[in-house]
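Subject: Structure handover

Hi,

Here is the structure I promised to pass on. Please open it and keep it on screen while you read.

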Amino acid sequence: MSYLIGEQLSGGYGGGADIIRDCTISVDKGQIAVVVGPNGAGKSTAMKALLGMINLREGRVLLDGQDISSMSPQQRVAEGMAFVPQNQNVFVTMTVEENLEMGAFLRRDDITETMEQVFDLFPVLKTKRSQIAGELSGGQRQQVAVGRALMTKPTVLMLDEPTAGVSPIVMDELFDRIIEIKRIGIAILMVEQNARQALNIADRGFVLVTGENRFTDTGEALLANEEVRKSFLGG
Amino acid sequence: MALLLMIVGFGQSWNVALAIFNLCLISAVMSMGLNMQWGYAGLFNAGVMASTAIGGLTAILVSYEPVAKAWSAGGSSLTVALVFLLLTIIAGVLVWKKIPKGGKRSWSMTAVVLIGYLFMRFFFDQATSAIEAVEPAKTGFLGGLGLPIIFSWLAGGLAAAGLAWLIGRISLGLRSDYFAIATLGISEIMISILKNEDWLSRGVKNVTGLKRPVPYEVDLQQSEWFIKLVSWFYGTAEDGSAVSADVLREAMQLSAGVFVKLCYSALFLAVVLIILGLATRALNSPWGRMMRAIRDNETAASAMGKDVTSRHRQVFVIGSAVIGISGAMLTTLHGQFTPGSYIPLRFTFLIWVMVIIGGSGNNLGSIIGAFITWFVWIEAEPTSLWLVGHINELLAETNPLRHHLMEVAPHMRMILMGLILVMVLRFSPKGILPEEAPEHY
Amino acid sequence: MEYSTDLLNALVLVSNYVLIPALSYGSQLALGAVGVTLVFGILRFANFAHGEMMSFGCMVAIFTTWWFQSMGISSGIFPTAILALPFAILITGLLAVAIDRSVFSFYRKRRSRPVTFVVASVGVMFMLNGLVRILIGTDEIIFRDGQKFLIKAGAFKKMTGLSEGLALKQTQVLTFVLAVISVLVLFWFLRRTRTGKAMRAFSDNEDLSLLSGINPERVVLVTWIIAASLATLAGVLYGLDKSFKPMVFFHMLLPIFAAAIVGGIGQPLGAILGGYVVAFSEITATYAFKKFIKYLAPGDFVPDGLVQFLTTEYKFAVSFLILVLVLLVRPTGILRGKVL
């Protein structure tokens, strides 16, 4: 039984049509799970379903064996799920340090240690700690966004297309960091456009097509799968 | 509603009932105008008063006899001032077009405006002091065109449309809150102008004695046919004998008032019906459907190639024109123009209450909303006075609260209006008559 | 007469009629505008009832002042209303929270369009306006006591030997000092405290602040309390400086909105700047510079007219013109506020 499981999820936005159908996604602590698929496959929607941001019609979400399907997103955050949205994922008018503090808003204990850990992970943030986040480059902003999410000391980190719009070098760098985060023992769930690179670092991969699971395997196996390569990885 | 008016008619007097009815009709025109802006297009116009006031101003400018002395005293300087204003505008436009953007343009622009303003102001001040010096107790302003006042209804609409076009140029295309604030500002300025530009509107000295489109009570009481009519009506007592002259005279006075008010009612009712007809047709036309489409989803509409801002301007101008007509009607009914009486609570926000209560987007609803709101607004005062009277009976004769309560009782209607607005918005946001769902096609 | 004396006279003249009044009026506007801008930043609508909130706050302060006076409590040379402030703030804050709970929170839960909030705030405006009129009546009320002048015009003339007098009212100084203090406290609160930072985060990015576990209801609650406190302070200071009339605060709504937008809506610092910009423009544009020019011009030149750009009746026009200019030239305001 995995640490976080979304079982046979069906649902969509508001009262609209189902965007995901009978979709199952799971991840374990110390693992990276990647959701890939063509545009409009419902990848982000599947992740938002795990966080409780869409109306779930069927299925349930289990965190550490506990059913959290009826919890609000805020409650799930308090339970240890951290989420980095794709867009507008930093407080642009606040400093880097304040961004991190806001990430730790729910915590009442001393956060300096966690902040040091984030700075160890992303050294550039330490040098820019009093700079306004809106003035940073795209890659640095993503670091702030991930750092903010880590400040809650989460057990699950969910990233929605963290490498959208950044250069390949920055992307590699970011993936390295994500592997480091995984080693702390955090479960990482990631939606990615850059399927090949993402599956490279993935312990588990989910290929979604029109809101349904098409393939589920280890990253390595998916990369080796002829059909997956042909249809989704461009050969 | 008719029942309520009947109650007032029997309870208070028919004159009061008809007075309320007439103002209800005028309010209905106002609320239909605002309904076009808010109900059709979702524009928050907080400057309804500006249109009403400019309509009222037009009424005096159209109907008052021209003051020849004032024209000869200040007319020439005023013309010169006007020429300078035009020259400044032309120069400004030229500077804007010929000089490329940058510091140079800003400076030349400032210079042009400043110099033009100084020249204009010089002649303008001369003109106004000359005009205002002409028999200040009686006129002291330019007067108007001396045409029948009924023309001003149309002219008032046109004037309000012109003003709205200007306002729309500046403030449409902004976020709704900004638009609200901008229109609120313009209406405040409009009122200051009317209060202070004595040469134009006599300011707070008011313009009174405007000609009426309907007969005067005094004339009526002397005209043959009216005397006959009243005698026929009241001439015989219940037992069939003739009534005394005193009773007849009293009846005559009463009926004259009622008759005049009925004439107004007929005129107003005609306007209401015409506008209602046109507004309903417009709403159900492709134009109306497009307006609602834009209101419901601006982004989608503009993505489909609709020019949202210019559509908004259209509807804003048309709605303001309707409100302008009502402004002219109001001044006609009162027979006088009193800039001091224009206050936003009464002339802007009360109209809002009417539209929202009646049902945003529904023309008939706006009319009903106007009737109900105006009725409550007027009758809240005697009702609360009556209530206070009863409360006061419980208090000691010397209790200072007694006096205070009597004094403030009329303000109950503010609270009442606010309460109604908030309640309707919350529990019945669609109003009394909800907007009809657009027909599918 | 010596030119240097003329120069000094001109300076004193401008200080007396433009500088000092604009500083105190600007402070009152700034306090009001900060409240409007905070509500806008957090709740995202222009609160038309803000003027009435000032009015209500001032009214409570007047009642408390009368009560204190009847018990013989006073604060010496300071107006008794200063002692009444905490009570007025408390009650107005409670009222604001009650209004939010009963009116605005409903639309917040439904995520209504901003314009719905604005219409609702118009309803609240009506109710507050009526409430104030009923409770205190519609007469003009002067509730200032204590020492009126710090410097009297006559004494100033005697002291300096200049022909122009400088009068400094205590309320003017009080207004400025209290405004500065409260603004400093507010900025300390927003920059340094947990709740303050949460407010900024919420205003910056609502969704992300929810993901960070910030409680939106708490943020909204604190915002109303702050806005009501500032509104009360602004209302009381304005009432002390001039007088209290129920309608006056409605007319302050326009300059206050102008100040908030000019400064960049959602930006407290901008609102303060905007307050002073509006106040200075308003007073400068309606001041008659005749005497000023007489002092400065060489020889015996005296200008013909009053040298006044606009008559005082057109104060509104000034704030409005500034508003329009800013909207046309730089819609985000002086400090980049929310791009709307």
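Below is what was found, one topic at a time.

**Ground rules**

This is a predicted model: local features need pLDDT of at least 70, side-chain atom pairs count only at pLDDT 80 or more, and totals for chains, interfaces and linings use all residues. Residues are numbered from 1 along each chain as its sequence is written, chains are lettered from A and ligands numbered from 1 in the order in which they are written, and side-chain values use heavy atoms, with hydrogens and water left out.

**Chain A**

Start with chain A. It has 10 helices and 10 strands (DSSP runs numbered from the N terminus: helices are H or I with at least four residues, strands are E with at least two). Its radius of gyration is 17 Å, close to the 18 Å that the globule rule gives for 235 residues, so chain A is as compact as a globular protein of that length. That radius is taken over C-alpha atoms, and the globule rule is 2.2 Å times the number of residues to the power 0.38. Along the principal axes, the C-alpha atoms of chain A fill a box of roughly 45 × 40 × 30 Å.

Of the 235 residues in chain A, 54% count as buried (buried is under 20% relative accessible area, exposed is over 50%, partly exposed is in between, with a 1.4 Å probe and protein chains only). Now take the contacts in chain A between residues at least 6 apart in sequence: 67% of them join residues at least 24 apart. Contact means heavy atoms within 4.5 Å.

**Salt bridges**

Side chains of opposite charge can pair when their charged atoms come close. The rule for a salt bridge is a side-chain nitrogen of Lys or Arg within 4 Å of a carboxyl oxygen of Asp or Glu.

- Arg60(A) pairs with Glu7(A), with the closest N and O atoms 2.9 Å apart. This pair links distant parts of the chain: Arg60(A) is in strand β4 (residues 55–63) of chain A and Glu7(A) is in strand β1 (residues 4–12) of chain A, 53 residues apart. Arg60(A) is partly exposed at 38% relative accessible area. Glu7(A) is partly exposed too, at 25%.
- Arg107(A) and Asp109(A) meet at 3.2 Å, N to O. Arg107(A) is buried at 13%, whereas Asp109(A) is partly exposed at 43%.
- Glu180(A) and Arg177(A) meet at 3.0 Å, N to O. They are 3 residues apart in helix α7 (residues 168–183) of chain A, so about one helical turn separates them. Glu180(A) is partly exposed at 33%. Arg177(A) is buried at 17%.
- In chain C, salt bridges link Asp100(C), Arg101(C), Arg108(C) and Glu217(C) in a network.

**Chain B with chain C**

Here 47 residues of chain B are in contact with 53 residues of chain C. The two chains bury about 4,400 Å² between them, 76% of it on carbon and sulfur atoms. Buried area is the accessible area (1.4 Å probe) that two parts lose on being put together, summed over both. In chain B, Tyr178(B), Ile181(B) and Arg426(B) lose the most area to chain C, together 16% of what that side buries.

Which helix gives the largest share of the side of chain B that touches chain C? That is α7(B), with 14 residues. By class, this side divides into 32 nonpolar, 7 polar and 8 charged residues. Ala, Val, Leu, Ile, Met, Phe, Trp, Tyr, Cys and Pro count as nonpolar; Asp, Glu, Lys and Arg as charged; the others, Gly among them, as polar.

**Chain C with chain A**

Here 15 residues of chain C are in contact with 21 residues of chain A. About 1,700 Å² is buried between them, 56% of it on carbon and sulfur atoms. The count of salt bridges is 2. Glu98(A) forms a salt bridge with Arg200(C), with the closest N and O atoms 2.9 Å apart.

Best wishes
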